[in-house]
Amino acid sequence: LFAVLVALYEEPEKPNSALDFLKHHLGALAPENPEIEALRLEVAEMKEKYEAVLEENKNLKAKVQIY
């Protein structure tokens, strides 16, 4: 954190948002955890399955209303 604050202080063109500068540099300093990427993929798959189940539910409700 200290190094990022020093980099902000030494920046010749000050950014509009110091908070965005800090977020960008702290995010860039932290290596991406492979476990996080696996969880992101799992979330994406679950969202797809959820949408498919919602569509199936909608279709089944329509069939029930016909009868």
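Visitor: What makes the contact between E37 and R40 a salt bridge?

Guide: In this predicted model, the side chains of E37 and R40 come to 3.8 Å, N to O. The cut-off for a salt bridge is a side-chain nitrogen of Lys or Arg within 4 Å of a carboxyl oxygen of Asp or Glu. The pair E37 and R40 is therefore called a salt bridge.

Visitor: How many salt bridges does the structure hold?

Guide: The structure holds one salt bridge.

Visitor: Why are E37 and R40 separated by about one helical turn?

Guide: Both belong to helix α3, residues 34-66, and they are three residues apart in that helix, so about one helical turn separates them.

Visitor: Why is E37 called partly exposed?

Guide: The relative accessibility of E37 is 36%. Buried means under 20% and exposed means over 50%, with partly exposed in between. E37 therefore counts as partly exposed.

Visitor: Where does E11 lie, and what makes it partly exposed?

Guide: E11 lies in the loop between α1 (2-10) and α2 (18-29). Its relative accessibility is 29%, so E11 counts as partly exposed.

Visitor: Why is L22 called buried?

Guide: L22 has its place in helix α2. The relative accessible area of L22 is 17%, which is under 20%, so the residue is buried. The C-alpha atoms of L22 and L8, 14 residues apart along the chain, are separated by 7.9 Å.

Visitor: Is L60, in contrast, buried or partly exposed, and why?

Guide: L60 is partly exposed, because its relative accessible area of 44% falls between 20% and 50%. This residue is in helix α3. The C-alpha atoms of L60 and M46 are 21 Å apart, and the two residues are 14 apart along the chain.

Visitor: What pattern does the protein chain follow along the sequence?

Guide: The pattern is α-α-α, and the secondary structure comes to three helices and zero strands.

Visitor: What makes the protein chain more spread out than a compact globule?

Guide: Its radius of gyration is 23 Å, whereas the globule rule gives 11 Å for 67 residues; the value is well over the rule, so the chain is more spread out than a compact globule. The C-alpha trace spans about 75 × 30 × 15 Å along its principal axes.

Visitor: How is the protein chain divided into domains?

Guide: Domain 1 covers 1-30 and domain 2 covers 32-66. Their C-alpha centres lie 38 Å apart.

Visitor: How much of the protein chain counts as buried?

Guide: Of its 67 residues, 6% count as buried. The accessible surface comes to about 6400 Å², and carbon and sulfur atoms account for 61% of that surface.

Visitor: How many positive and negative side chains does the protein chain have?

Guide: There are 8 positive and 13 negative side chains. The centres of the two sets lie 10 Å apart.

Methods: Residues numbered from 1 in each chain as written. Predicted model: local features only at pLDDT ≥ 70, side-chain atom pairs only at ≥ 80, totals over all residues. Heavy atoms only, no water. Helix = DSSP H or I, 4+ residues; strand = E, 2+ residues; numbered from the N terminus. Rg over C-alpha atoms; globule rule 2.2 N^0.38 Å. Buried < 20%, exposed > 50% of the residue type's maximum accessible area, 1.4 Å probe, protein only. Areas by Shrake-Rupley, 256 points an atom, 1.4 Å probe, with all protein chains shown as cover. Lys, Arg positive; Asp, Glu negative; His and termini not counted. Charge placed at Lys NZ, Arg CZ, Asp CG, Glu CD. Domains from an automatic or database assignment.
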